[in-house]
Structures are given as structure tokens and as C-alpha cells.
Amino acid sequence: MPMQPWFGDAKLGIFVHWGIYAVDGVQESWSFYDDVVPHEQYMSQLDRFTAARYDPREWARLFARAGARYAVLTSRHHDGVALWDTAHGELNVGRDLISGYAEALREQGLKVGLYYSHSDWNHPDYASTRKPGRPPELEDNRYSEVAAEFEDLEAWERFLAYRDGQIRELTRRYRPDLMWFDGEWDRSEEQWRIPELAALIRSEVPDVVFNARMLSEGDYATPEQGAPVLPPEGPWELCLTINDSWGHQHHDHHHKSVDQLIRYFTETIGGGGNLLLSVGPREDGTITDEQARRLEGLGDWIARHAEAVYGTVRGLPPGHHYGPSTLSKDRRTLYLTLFDAPRAEINVRGLLNKVRRISVLGSGTELPHQVTGGLHETPGILWIAPPPAADLDPHATVLAVELDGELELYRGGGRF
């Protein structure tokens, strides 16, 4: 299927990890899987999950102010607890918390994404088989597999029927633009029946986008937490937490600063990716002030520099400019990001084009520039005068470099 153009244009998405784990502020699903929290205690959160102050329109307005163009909500994590009143399986919150979310996003012009875990560590038929190639003895975890002698392929078929039933509900009710899968490591592509699952979803929403955890059917790469040094060649997305936790954990106040988030964002879009930034609402549905302020701070910066964000593609490869950059879709304007106040001229190497004009994005102040050096096919270095102090952005300044044609770069080693 061709990649949907909206995804590459979106640049920023909001990842919403919300579930019963927010009640006690424990790690989502993994806390009982790894025996950090007793299973009974973990599941007791279901009766204490209220969503009492959940206002999806408030979420959507905040996400729009952040500059996001889509969001992804954890409809069902590995713990198997569904955020909608599913007719399949025993675990859900007893009401539909997804309809309001989907409607509110669309009111703000945002695309609707749903996270769904392939794995379900609470389903009675899930731990009925094991991934091919694993040693025959039980070595992993009682919630995810059984020893080879106890495999029950009929139970596995029942689990797949349950999964397919939930997926039909999600696609028919909410018509997601993006399905964000997780938990794929527990089984093989053949066991998950990935092509059949993709066909099921596309029969309801033909233009849906899949992340890479749909394996052979995935549309884009999904690096997690660690920003790639060499960005993937095709479409991709960095999923990142604002603090150190995906869901709400009361003790975690180690939030990234607005400066750091802007760096993550500009480096990601400069490499051709999107940033999927995670928030963890409290169990009542409210987003903490610490996280909301950071989203709004990022959104303020994006609004001031929208020209260098939306309608752009990946910028210069490493080595041409000491910082991220983006390029207009017509490839005639290069946007250079400066994180620090420059103490000397800014340089760009390997630029074959002549430069028509260079200005500070936002203020419009034009900057003097010159080219020095160069021999035969090797171009000289472009030197740009530093912007005046009054034109510097408090977080990151962007320069617009207008070229005499489509960007051309020299990537050679010079004359030997």
C-alpha cells in the first residue's frame, strides 16, 4: 500500500499512555509481568480507575496547541484491559473512552491513532504456545508462554478470534487513521497471521497507516526512546517520553526541558521523521501541569517557526551544517537550526547552489553572507553573519537560506 502523505507532513504526534496502571502509578503491564507488583494488586486498579475528569476535547485542544497533527491512544496494552466496552474478552473499563477521543481529535483536524498490543498477558488462551525456535523447556514467563509439551493450538486459535473481534470493533467504530501495534516480539509473524490481520483492518479502513510492529505490513520504522544517529532511509517516527515513564507514575518528576524537547523535535524532523511524544494522564483523565506546560512550550516554538516545520522534508546530511535542518518541498529553501547564540559566522559546506537571500525566520532580518574557497567541482564554504542578539530565539533560532534552484550538494572528497 502507498504511504499516506499526511504522515510525513505531520511532524509531531502525541502518544497517550492511559490505563488502569495510572491508579497506583506503576509501570504499565510490565510491573506484574516482571513480578514487581503482585498480579492481584495490579488488577485491583481496575475497580479504582475512574476517568472522572476525562475531557477529550481538552486533550485535543492541548495537542493542537502543541503543534501535533495526530495522536495515538493506548486502546489496549499488554495487560489486556480495553478502554472501550468491548464484547470480546472479559477485561475492559466498562464504558467507551475512545469515541470521545476520536471525535475530539477530528474536531481539531488531527488524525486518529490507536495503539493495540498483539500480546495480552491476561487472556486465558494467550499463554498457550511459544515462539518458534525457543528452547523446549519453559524459560520466559508464565504470562506469555508454556513449555512445549503443554502447547494448545486450539486455545491459540481462540485467542486470535478474540483479537480479531476486538480489531473489528476498533476499526468499525472509530475508523482509525493509524494503528500502532506493539508486543510483536512474543510470537512469529506466521503465528500472529500478520497479512490476514492487515487485510482485516484494511477491509474497514483502506488508507490506514501501520507502524513497523506490524512486521512485513508495517509502513514506517519506529525507534523508541533512543534518537537514531543515522536516521532510517524511509518514513519513520521516534517515540519518546516527556519524563522517564510512558504512563503516569506519581514519583517521576524527571521531565525533559522545553529546550531538550525542541532539540529532539528538530533533529527528528531534520532526519525525515516524526516525533511521537508521550503523555501519561492521571487515572482521572487529567494531564499534569508539568507535561501540559512542556507541550505548550514546544507548540509555541513550532508556531513561530512553522515554515521550517510543516511542508518540509529531511534536510542536509551530517557534516554540511552543525545542527539540524529541513528543506522546503520545492527544494529551494533550506532551514538551518541554531541551538546556541553563534559567536562567529555560521558555515555550510558542500552547497553547489548560489544563495539568493538569507534571513532570520520570524523577524525577517536579512543576513550578509559570502563564499570562500572552492576548486574545480569542489564548492567553497558558505559563511553567514551571526544574527543580531535581538533576533535570536530563546530556544532555537532558524535561518531561511533561499537558493537559486533546487538544492544541489557536493558529497565528494575533493582533489587528491
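Q: At what angle do helix α6 and helix α8 pack in this predicted model?
A: Helix α6 covers residues 153–174 and helix α8 covers residues 194–204. Their axes lie 9 Å apart, and the packing angle is about 25°.

Q: Is α6 roughly parallel or roughly antiparallel to α8?
A: The two helices pack at an angle of about 25°. Angles under 35 degrees count as roughly parallel, so α6 is, relative to α8, roughly parallel.

Q: How do the residues of the contact of α6 with α8 divide into nonpolar, polar and charged?
A: From α6, the contact is made by R163, D164, I167, R168, T171 and R172, while α8 contributes L197, L200, I201 and E204. These residues comprise 4 nonpolar, 1 polar and 5 charged.

Q: How far apart are the end C-alpha atoms of helix α10?
A: Helix α10 runs over residues 289–304, which is 16 residues. At 1.5 Å a residue, the helix should span 22 Å. The separation of its end C-alpha atoms agrees with this expectation, at 22 Å.

Q: Which elements are included in what covers the buried residues of α10?
A: The buried residues of α10 are Q291, A292, R294, L295, G297, L298, G299, W301 and I302. Their cover includes the helices and strands β1, α4, α9, β7 and β15.

Q: Does T241 count as buried or exposed?
A: T241 lies in strand β6, residues 236–241, and touches Q225, W246, K256, L277 and S278, leaving aside residues up to four places away in sequence. Because its relative accessibility is 0%, T241 counts as buried.

Note on methods: Residues numbered from 1 in each chain as written. Predicted model: local features only at pLDDT ≥ 70, side-chain atom pairs only at ≥ 80, totals over all residues. Heavy atoms only, no water. Axes fitted to C-alpha atoms, helices over the stretch in contact; angles between N-to-C directions. Helix = DSSP H or I, 4+ residues; strand = E, 2+ residues; numbered from the N terminus. Parallel < 35°, antiparallel > 145°, perpendicular 65-115°, else oblique. Contact = heavy atoms within 4.5 Å. Nonpolar A, V, L, I, M, F, W, Y, C, P; charged D, E, K, R; others polar. Expected span 1.5 Å × (residues − 1). Buried < 20%, exposed > 50% of the residue type's maximum accessible area, 1.4 Å probe, protein only.
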